[in-house]
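Okay, thanks for making time, everyone. Let me put the structure up and walk you through it.

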Amino acid sequence: MEYRIGIEFGPEQTSWVTVGRDGSGPERVDGGEIESVVGLVDGEVVVGEGAADQGGVQEVTRGFVQRLGESDAVILGGTPYGVEALIGRLIAAAVHAAGQLHGSPPGGVV
């Protein structure tokens, strides 16, 4: 089934919803949420639940979504990241979650 995903970024939660039609019936709508948080685990950048779980997380950053458009970098583990790069990680996490649910990546992202 081909589907589309819509993503809305919030300061606390990033929400996503998918809409698909397989041709045999009504549209199918579902979705989920990812916490708008980024962290480092063993030197790797993780987002959402993996970053919110304080067990193996070395560093966490929140509040970057509302900084979209600012030129100042967010420092995470001594490395500067543009806000757009961190939001890109949220997009990737939402697309991955939808792909897990549907068994394939979306046909479009809005």
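Quick convention before any counting: helices (H or I, at least four residues) and strands (E, at least two) are DSSP runs, numbered from the N terminus. On that basis the protein has 2 helices and 9 strands, and reading along the sequence you get β-β-β-β-β-α-β-β-β-α-β.

Please keep in mind that this is a predicted model, where local features need pLDDT of at least 70 and side-chain atom pairs count only at pLDDT 80 or more, while totals for chains, interfaces and linings use all residues. Residues are numbered from 1 along each chain as its sequence is written, and side-chain values use heavy atoms, with hydrogens and water left out.

So, overall dimensions. The C-alpha atoms fill a box of roughly 50 × 30 × 20 Å, taken along the principal axes. Of the 110 residues, 35% are buried, where buried is under 20% relative accessible area, exposed is over 50%, and partly exposed is in between, with a 1.4 Å probe and protein chains only.

Now the sheets. Two strands pair if DSSP finds at least two bridges between them. Strand 2, residues 13-20, runs antiparallel to strand 3 over 8 bridges, and Val19 has Val29 of strand 3 as its bridge partner.

The other one I want to show is an open sheet of 3 strands, order 5-4-6, with antiparallel pairing. Strands 5 and 6 are the edges here, and the twist averages 25° from one strand to the next. Strands 4 and 5 pair over 4 bridges, with Val38 bridged to Val47 in strand 5.

On to the core. In soluble globular proteins, nonpolar side chains tend to be buried together. A nonpolar core here is a set of buried Ala, Val, Leu, Ile, Met, Phe, Trp, Tyr and Cys residues joined through side-chain atoms within 4.5 Å. The largest has 21 residues, and Trp16, Val38 and Phe64 touch the most other members. Helix 2 gives the largest share, 7 residues. Leaving aside neighbours within four places in sequence, Phe64 contacts several residues, including Val38, Val74, Leu86 and Leu90.

Last stop, Asp30 in strand 3. Is Asp30 buried or exposed? Asp30 counts as buried, because its relative accessibility is 16%. Its side chain makes a polar contact of 2.2 Å with the side chain of Thr18, and another, at 3.3 Å, with the side chain of His102. A polar contact is a pair of N or O atoms within 3.5 Å; within protein, one must be able to donate a hydrogen and the other to accept it, and residues adjacent in sequence count only if both atoms are side-chain atoms.

Methods
Contact = heavy atoms within 4.5 Å. Axes fitted to C-alpha atoms, helices over the stretch in contact; angles between N-to-C directions.
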